[in-house]
Amino acid sequence: MAADPVLTDLTPGQRLRRLELTVTRRLDGLLHGERHGLLPGPGSEPAGSREYRPGEDEVRRMDWSVTARTAVPHVREVDADRELTTWLLVDASPSMEYGTAELDKRELAVAAVATIGFLTAGPGNRLGAQVLTPYGLHRVRPGVGVPTCSAVAGLPDALPDALAEVRRVAHRRGLVVVVSDFLDGLPDDPRCPARWERALRQLTVRHQVLAVEVTDPRELELPDVGLITLVDPETGEHREVWTGDRHLRERYAAAAAAQREQVRDALRRAGATHLALRTDRDWTVDIVRHVHAQRRLVAAAATSHRGGTA
């Protein structure tokens, strides 16, 4: 998507209005028909059972009574609630300020949030948010339309604790969307779980969880531009690097790829649906592809349910 040449000259309010118009225009053109949402919803109302599909279904959804009666493994199916409460956890920590493409990661996170608001809008649906900053969490209370934002003092500023806070306030089963680069709390040893993995897994027990991973191309590979100074945005640590060293660039790319794989594995183990967005790609196309893939899952599940044993 081409960058808007005058976007940087707009006030924050004007930028948000321009972004809203972009989301509405592009997604209305790309997503036809009913908005089935971002995820095939487990909902909360029982809707029968169908045969268990290994590798696709979660064991915790097993319908043991039907399984015992038919001697064939079945899982419970449920209909989505008519009114949806969506909680957003948006990472606004220092690492999200980075960007070398048309958008920085923070702006891409805002775009993702605007799109989620568009896709979850509906009669009675409510949207709330927690914004993770270096100074703590800021909460946007769930509401229809534009809710009022208020600071919540004394809350921690780490992703694991922010996830725990969302779990504490999200009383009703619904959709939780986490927008982050997920770099906070990654261990040096890839065999060890990320610090946020357990908290995310606890959220997936009750809620649908969509993890929106935001990355920038320069986090994945270094360009050959001579001597540069790298700064860790979370700690402020500086290090000079000679990017003319091909072997160094290769090691950097390999380490970055392993780190992103570590994030993907942790999200999968936690049971979250994963949507990857990059600052150098058309984020609307990536989101639309994700939504279409989820719709295909919904259609396949509905077909299986009609042909299955209740």
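Figure 1. F182 lies in the loop between β7 (175-180) and α5, where helices (H or I, at least four residues) and strands (E, at least two) are DSSP runs numbered from the N terminus. The model shown is a predicted one, in which local features need pLDDT of at least 70 and side-chain atom pairs count only at pLDDT 80 or more, while totals for chains, interfaces and linings use all residues. Residues are numbered from 1 along each chain as its sequence is written, and side-chain values use heavy atoms, with hydrogens and water left out. Phi of F182 is near 60 degrees, a positive value in a residue other than glycine. With a relative accessibility of 0%, F182 counts as buried; the term buried means under 20% relative accessible area, exposed means over 50%, and partly exposed is in between, for a 1.4 Å probe and protein chains only. A71, found in the loop between α2 (64-70) and β2 (74-79), also has a positive phi, near 65 degrees, and is a residue other than glycine. Is A71 buried or exposed? Its relative accessible area is 67%, so A71 is exposed.

**Figure 2. The crossing of helices α5 and α6.** The axes of helix α5 (residues 197-206) and helix α6 (residues 246-270) come within 8 Å and cross at roughly 35 degrees, the axes being lines fitted to C-alpha atoms over the stretch in contact, with angles that run from 0 to 180 degrees between N-to-C directions. The crossing of α5 past α6 is right-handed, a term used if the near helix is turned clockwise from the far one by less than a right angle. On the α5 side the residues are E197, L200, R201 and T204, and these meet A266, L267, R269 and A270 in α6, where contact means heavy atoms within 4.5 Å. Of the residues in this contact of α5 with α6, 4 are nonpolar, 1 is polar and 3 are charged; here Ala, Val, Leu, Ile, Met, Phe, Trp, Tyr, Cys and Pro count as nonpolar, Asp, Glu, Lys and Arg as charged, and the others, Gly among them, as polar.

Figure 3. Side chains of opposite charge can pair when their charged atoms come close. The side chains of E197 and R201 meet in a salt bridge, with 2.9 Å from N to O, the term being used for a side-chain nitrogen of Lys or Arg within 4 Å of a carboxyl oxygen of Asp or Glu. Both E197 and R201 lie in helix α5, 4 residues apart, which is about one turn of the helix. E197 is buried, with a relative accessible area of 3%, whereas R201, at 34% relative accessibility, counts as partly exposed.

**Figure 4. Salt bridges elsewhere in the chain.** By this rule the count comes to 16 salt bridges. One of them joins E219 and K105, whose closest N and O atoms are 2.5 Å apart. This pair links distant parts of the chain, 114 residues apart, with E219 in the loop between β8 (208-215) and β9 (227-231) and K105 in helix α3 (residues 105-120). E219 counts as buried at 16% relative accessibility, and K105 counts as buried at 0%. D286 forms a salt bridge with R281, the closest N and O atoms being 3.1 Å apart; D286 is buried at 11% relative accessible area, while R281 counts as partly exposed at 37%. Salt bridges that share partners also join E97, D104 and R106 into one network.

**Figure 5. L119 and V291, and the chain as a whole.** L119 lies in helix α3 and, at 4% relative accessibility, counts as buried. Although L119 and V291 are 172 residues apart in sequence, they are 9.4 Å apart in space, C-alpha to C-alpha. Among contacts in the protein chain with a separation of 6 or more, residues 24 or more positions apart account for 70%. The chain has 7 helices and 11 strands, and buried residues make up 40% of its 310 residues.

Figure 6. The mean pLDDT of the protein chain is 77, and 73% of its residues reach 70 or more, pLDDT being the predictor's confidence in each residue, from 0 to 100. Over residues 1-7 pLDDT stays under 50, and the model has 11 contacts beyond four places in sequence for them. Over residues 32-36 pLDDT also stays under 50, with 8 contacts beyond four places in sequence. Where pLDDT is low, the predicted coordinates should not be read in detail.
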